[in-house]
Amino acid sequence: MTAERRRPVVAANWKMNFLKADAAEYCRTLRRHLAAMGTPARTVVFPSFPLLPMVARELVATEVAVGGQDLHPEDRGAFTGDVSGRQLSDAGCSWALCGHSERRRDHHESDDLVGRKVAAAERCGLTALLCVGESREQRRAGRALQVLERQLRAGLAARPESFAVAYEPVWAIGTGETATPAAAQEAHEHLRRVLAELMGEEIAAVAPILYGGSVTPETAAGLIAEPDVDGFLVGGASLDPQKFLAIIRHSG
Ligand code: PGA
């Protein structure tokens, strides 16, 4: 199946940015422009936890979905500071980021834990956006594809029905150094091949595989032209709604 038959997904990872007023203004801008554009791509925003109910309210009855940046693998209990999939869903989310490299790095999230988070997302009716990506050292050592395969297999161990994958090379995140379209395509093609082994050809053919790592309106068009690049997970550039909209426009 070719990329033409997979509707692009463009997601904004706001990380630990924005207060309520900025977020509300952002949502209004998005609403206004996306209505005029006819929403060429599936759009998702990932705000910080305290903003979720408000953002979900602002974007209700639009085609923009809302997701949590993380979730706990358990559905409830004594886990101070954590948020469950049920709580995300209750706050108006339909997506959850799982295994972002900043969580793997700063919170020592293992492949196994990420797999359990994906399972929790599925259980709570959320679409998991599983992030995988190699470090610069791993790439230099020629191990990039092997690392991606390991992370993908562990992340999807629960065989979720509703998921997407984001290829986010760690060396490209927040560095201004975007992967070349050819490098992204090589990784995406490999991920799709492993997906076919894991879940079957049919699922692999329709599963969205997004690219993330210093995506800008300037780099988006070249990347989306690759057959296995189905959209983007955008960090820095997504903080400017006009840049995020431009990336959506390039992806449609
Ligand atoms: P970036 O972040 O676009 O700022 O590189 C991407 C991400 O971390 O998801």
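Which residue in β8 is the bridge partner of Y211?

**View 1. Pairing of β7 and β8 in the predicted model.** The bridge partner of Y211 is F232, which lies in β8. Strand β7, spanning residues 209–212, pairs with β8 in the parallel sense, and the pairing extends over 2 bridges.

**View 2. The barrel formed by 8 strands.** The strands close into a barrel in the order β1-β2-β3-β4-β5-β6-β7-β8, with parallel pairing. Neighbouring strands of this sheet are turned against each other by 25 degrees on average, with direction ignored.

**View 3. Helix α11 against the strands and its neighbouring elements.** Helix α11, residues 241–251, lies across β1, β2 and β8, and runs at about 165 degrees to β1. Its buried residues are P241, F244, L245, A246, I247, I248 and S251, and these pack against β1 (9–13), β2 (42–46) and β8 (231–234) as well as against the helices α1 (20–37) and α10 (217–224). At the start of α11, a side-chain oxygen of D240 reaches to within 2.8 Å of the backbone nitrogen of Q242.

**View 4. The packing of α1 and α11.** Two packed helices are described by the angle between their axes and the distance between the axes. The axes of α1 and α11 come within 10 Å and cross at roughly 30 degrees; because angles under 35 degrees count as roughly parallel, α1 and α11 are therefore roughly parallel to each other. The crossing in which α1 passes α11 is right-handed. On the α1 side, Y26, T29, L30, H33, L34 and M37 meet P241, Q242, F244, L245, I248 and R249 of α11.

Key:
Residues numbered from 1 in each chain as written. Predicted model: local features only at pLDDT ≥ 70, side-chain atom pairs only at ≥ 80, totals over all residues. Heavy atoms only, no water. Buried < 20%, exposed > 50% of the residue type's maximum accessible area, 1.4 Å probe, protein only. Helix = DSSP H or I, 4+ residues; strand = E, 2+ residues; numbered from the N terminus. Contact = heavy atoms within 4.5 Å. Polar contact = N/O pair within 3.5 Å; in protein donor to acceptor, adjacent residues only side chain to side chain. Pairing = 2+ DSSP bridges. Axes fitted to C-alpha atoms, helices over the stretch in contact; angles between N-to-C directions. Parallel < 35°, antiparallel > 145°, perpendicular 65-115°, else oblique. Left-handed = near helix turned anticlockwise from the far one by under 90°.
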